Protein chains: 4
Amino acid sequence: MDKIERVGVSLDKTLLGEFDHLISKQGYTNRSEAIRDLIRESLSKDKLANPAAPAVAGVFLVYDHHFTKLTDKLLKLQHSHLLQVIASTHVHLDHHNCLEVIILKGKVKDIEDLANNITALKGVKLSRMNLMTIG
Amino acid sequence: MDKIERVGVSLDKTLLGEFDHLISKQGYTNRSEAIRDLIRESLSKDKLANPAAPAVAGVFLVYDHHFTKLTDKLLKLQHSHLLQVIASTHVHLDHHNCLEVIILKGKVKDIEDLANNITALKGVKLSRMNLMTIG
Amino acid sequence: MDKIERVGVSLDKTLLGEFDHLISKQGYTNRSEAIRDLIRESLSKDKLANPAAPAVAGVFLVYDHHFTKLTDKLLKLQHSHLLQVIASTHVHLDHHNCLEVIILKGKVKDIEDLANNITALKGVKLSRMNLMTIG
Amino acid sequence: MDKIERVGVSLDKTLLGEFDHLISKQGYTNRSEAIRDLIRESLSKDKLANPAAPAVAGVFLVYDHHFTKLTDKLLKLQHSHLLQVIASTHVHLDHHNCLEVIILKGKVKDIEDLANNITALKGVKLSRMNLMTIG
């Protein structure tokens, strides 16, 4: 376990009051934890600006149910050797639409390249991607 | 199956050339399909502005592996009766971190309320959310 | 001037080290100030979720130089009585394109309605909008 | 003037109906123009992924009125020789806050570097950036 350090932050009273109100609304019971989460978030954003940073992504695809499971096709098309599929989940949304969530590991750049080209796949109607750096 | 209509679009030659180049790079083999995807995307964005629109969401959580599966806790905390969990996938990222992807159905507003409060959950280090309208 | 309070935050050493490295890269000379900025940003995001919150916006328009100054047209079309133009700046980008930046004051909801409809204005090729809450 | 070409797009009736409804709500009087705007937007997004692409940016700063005009400081700090200030507009928001909008020209990468470091400037409370590719 990492050594814990204690850091002091100066805040004017109004700003602190507003912040305490916000984090209590969000469900935090502890101010330190809320500030740690802001710090983690800013570190994560910074790492995402590095194309070579290791990341994990969730790719969401809504596609026509007449098309078969797309995971294989997707990765074959997209230099799959650069990305590693950790898991994929298939959900039947309605008569016309399937949702597939694919969890991938790879470099930021390779994941973004994939995300930019997914919607072009035959049958894919909408796509979204979430990217988080790790480690 | 829906009736297909044919629509004419006027484009200046330079814009058309750039667009053809982009969609070929993205992997489209068909200009109509690329334009249909742009149209679907603009409709999807518009629907997301409606708090009552039905939507499907993917919630991404990175959390400390010392905490147990969060899905139940999450939904208990967050008026779970308004949201329906369709599926959840749990992935072991490394010694310290787990990733959990939860696919939810519900109204735009209820999903956004959930997303705003997730990071406050004890043990959650990072969270991301994707929202897509359906139907 | 507001009363200053001193708040303690517990951080594990690794996280603190990474954060110190990031903020030094960003040009901060003071850790308190970096954390205050994260707090302000999180408060600002939260306020933007309230449609009635007072906000200031910067609207960016790239448009064809054959069309005349759009500010008036824009606000006439868009319930101008709900929004107040503070300033607008017009820039000649190149032979074909002008850029206009319009600074507006109004409620979050009214500004977003405007932003969603701007690109539809005859001659507007691209638009972007920034929204910040104030006060 | 560029030569105009006519392109045919096949759309199912439901999708076309929804699109016509959306663009009419947005104020379009012409379907071709709405589709052209979607195409321009997708081209613009693609160009922004190229760090060397020429772009124009609007930087928004909210800062404490006790600090003097920041434009000069900003550019001195940030390799100003890579960016060209086209115009800047200063607005007095309220007793505590000034807004400054700075219109810049430069490469995508150089503008993003600037944007990532602005909030660190002494006195800056919030910053936002808009980026559009040109030419």
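**View 1. His90(B) and its bridge partner in the sheet of chain B.** In this predicted model, His90(B) is bridged to Glu100(B), a residue of β4(B). The two strands involved, β3(B) and β4(B) (residues 97–107), run antiparallel and share eight bridges. Strands here are DSSP runs of E with at least two residues, helices are runs of H or I with at least four, and both are numbered from the N terminus; two strands count as paired if DSSP finds at least two bridges between them.

**View 2. The open sheet of chain B.** Follow the order β3-β4-β2-β5 and you have the four antiparallel strands of this sheet. β3 (84–92) and β5 (124–133) of chain B each have a single partner strand, so one side of each lacks a neighbour in the sheet.

**View 3. Where chain B meets chain A.** Here 40 residues of chain B touch 40 residues of chain A, with contact meaning heavy atoms within 4.5 Å. Together the chains bury about 3600 Å², 60% of it on carbon and sulfur atoms; buried area is the accessible area (1.4 Å probe) that two parts lose on being put together, summed over both. Two salt bridges are counted between these chains, where a side-chain nitrogen of Lys or Arg must lie within 4 Å of a carboxyl oxygen of Asp or Glu. Arg128(B) and Glu41(A) form a salt bridge at 3.1 Å, N to O. On the side of chain B that touches chain A, β5(B) gives the most, with nine residues.

**View 4. Where chain A meets chain C.** This interface brings 31 residues of chain A into contact with 31 of chain C, and it buries about 3500 Å², with 61% from carbon and sulfur atoms. Val7(A), Val9(A) and Ile39(A) supply 17% of the area that chain A buries against chain C, more than any other three residues. Four salt bridges are found across this interface; look for Asp46(C) and Lys25(A), whose side chains meet at 2.7 Å, N to O.

**View 5. Strands pairing across two chains.** β1(A) and β1 (residues 4–12) of chain C pair in the antiparallel sense over nine bridges. Within this pairing, Val7(A) stands opposite Val9(C).

**Notes for all views.** Residues are numbered from 1 along each chain as its sequence is written, and chains are lettered from A and ligands numbered from 1 in the order in which they are written. Local features need pLDDT of at least 70, side-chain atom pairs count only at pLDDT 80 or more, and totals for chains, interfaces and linings use all residues, while side-chain values use heavy atoms, leaving out hydrogens and water.
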